[in-house]
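Visitor: Hi, could you walk me through this one?
Guide: Happy to, let's have a look together.

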Amino acid sequence: MEEPAFAKINLALHVRSREDDGYHRIETLFAFAEEGDRLHAEPADTLTLALCGPFAGQLGEENLVLRAAHAVRRAYDIGSGAALTLEKNLPVASGIGGGSADAAAALRLLPRLWGVEASQDDMTQIARALGSDVPACLHSHMVRGEGRGDILSSQDGSGLSGMPLLLVNPGVALATSDVFRAWDGLDRGPMPAAAPLVTALDGRNDLEAPAVGLVPLIGRVLDMLHGTSAVLSRMSGSGATCFALFEREEERDRARDLIQVQSPGWWQLATRLR
Ligand SMILES: C[C@@](CO)(OP(=O)(O)O)[C@H](O)COP(=O)(O)OP(=O)(O)OC[C@H]1O[C@@H](n2ccc(N)nc2=O)[C@H](O)[C@@H]1O
Ligand SMILES: Nc1ncnc2c1ncn2[C@@H]1O[C@H](COP(=O)(O)OP(=O)(O)O)[C@@H](O)[C@H]1O
């Protein structure tokens, strides 16, 4: 059995306040790419995880996929295991929710493998305990997030589905907690409650400035994307991956080819919004 782990982007991300527990209250518009990592599972007596793909080497021992699998086993008192293989196509610690998307893929896949009727409520609760982004990744369609990003409200994203999307990462890993800590504490106002593209265009990513402060190279990525014919270009999540939305695939591919020539070491994914 196989399940895609769709790359996540934050079309807008407004940081409103720092809470006493160190987490931040945010408002965000989540969207997902058609592509990402892939999780494969076969029945087995024990739980194991093998890694393959271009970014497999960057992952440590502690993997969110196994934590998700253990949580499902515990919740439904399951005795059997699974031989899992994660194809790691997305750069690690890069603002496109790789780990969260992988965990969410495990939460969709394993109940099927083990033949359990998992309730949406149970899965959401498990997702929330794994990370702020995991409930949105469980959904993997456009959705608004509040609180830590884990309180979701529906957003019809069908109007943007299929829109050409380019992801660019300059190859520097950024820890989410470091970027939130570098936020200046200034509330710049709520995320607009409008149609998705208007929300995105009128919105911001408040983590962009602190991330650029930590890794100035992100500013170079943004300058390059701003210089293309993109409808919108911005950093996703806590970075360092930036995204650009285009009206036509040819425009997206032209931007990708130009960046490939100018910065051949950067990772890129030319895809579409789900
Ligand atoms: C910033 C966002 C935006 O979508 O994405 P990424 O950059 O990680 O992709 C998310 O809020 C990340 O969600 P996720 O990656 O699940 O984070 P968590 O594991 O819950 O938290 C990691 C760390 O980020 C900080 N954190 C996270 C969420 C939040 N609302 N406030 C925070 O301050 C905390 O320091 C926490 O210890
Ligand atoms: N399956 C996984 N994929 C990526 N990172 C993982 C995974 N499991 C655990 N991690 C850890 O989670 C951290 C955040 O990774 P990731 O989710 O890719 O970042 P981001 O949320 O910024 O996109 C990394 O430092 C990594 O070590």
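Visitor: Which residues does UniProt list for "domain: GHMP kinase N-terminal"?
Guide: The unreviewed UniProt entry lists residues 63-140; such annotations use the numbering here, have shortened feature names, and may be inferred rather than shown by experiment. This is a predicted model, where local features need pLDDT of at least 70 and side-chain atom pairs count only at pLDDT 80 or more, while totals for chains, interfaces and linings use all residues. Residues are numbered from 1 along each chain as its sequence is written, with chains lettered from A and ligands numbered from 1 in the order in which they are written.

Visitor: How much of residues 63-140 is helix and strand?
Guide: That span is 60% helix and 9% strand, taken as DSSP runs (helices: H or I, at least four residues; strands: E, at least two) numbered from the N terminus.

Visitor: Changing topic, which residues of helix H8 are buried?
Guide: In H8 (residues 217-226), Ile218, Val221, Leu222, Met224 and Leu225 are buried, meaning 20 or more other C-beta atoms, placed from the backbone, lie within 10 Å of their own.

Visitor: Why are they on the same side of H8?
Guide: Because they cover an arc of only 160° around the axis, judged by the directions from the helix axis to the C-beta atoms.

Visitor: And what covers them?
Guide: The cover includes strands S7 (164-169), S8 (232-235) and S9 (242-245), plus helices H7 (208-214) and H9 (249-262); contact means C-beta atoms, placed from the backbone, within 7 Å.

Visitor: Which UniProt domain covers residues 204-257?
Guide: The unreviewed entry gives "domain: GHMP kinase C-terminal". Residues 204-257 are 48% helix and 15% strand, with end C-alpha atoms 27 Å apart.

Conventions:
Buried ≥ 20, exposed ≤ 12 C-beta atoms within 10 Å, placed from the backbone. Contact = placed C-beta atoms within 7 Å.
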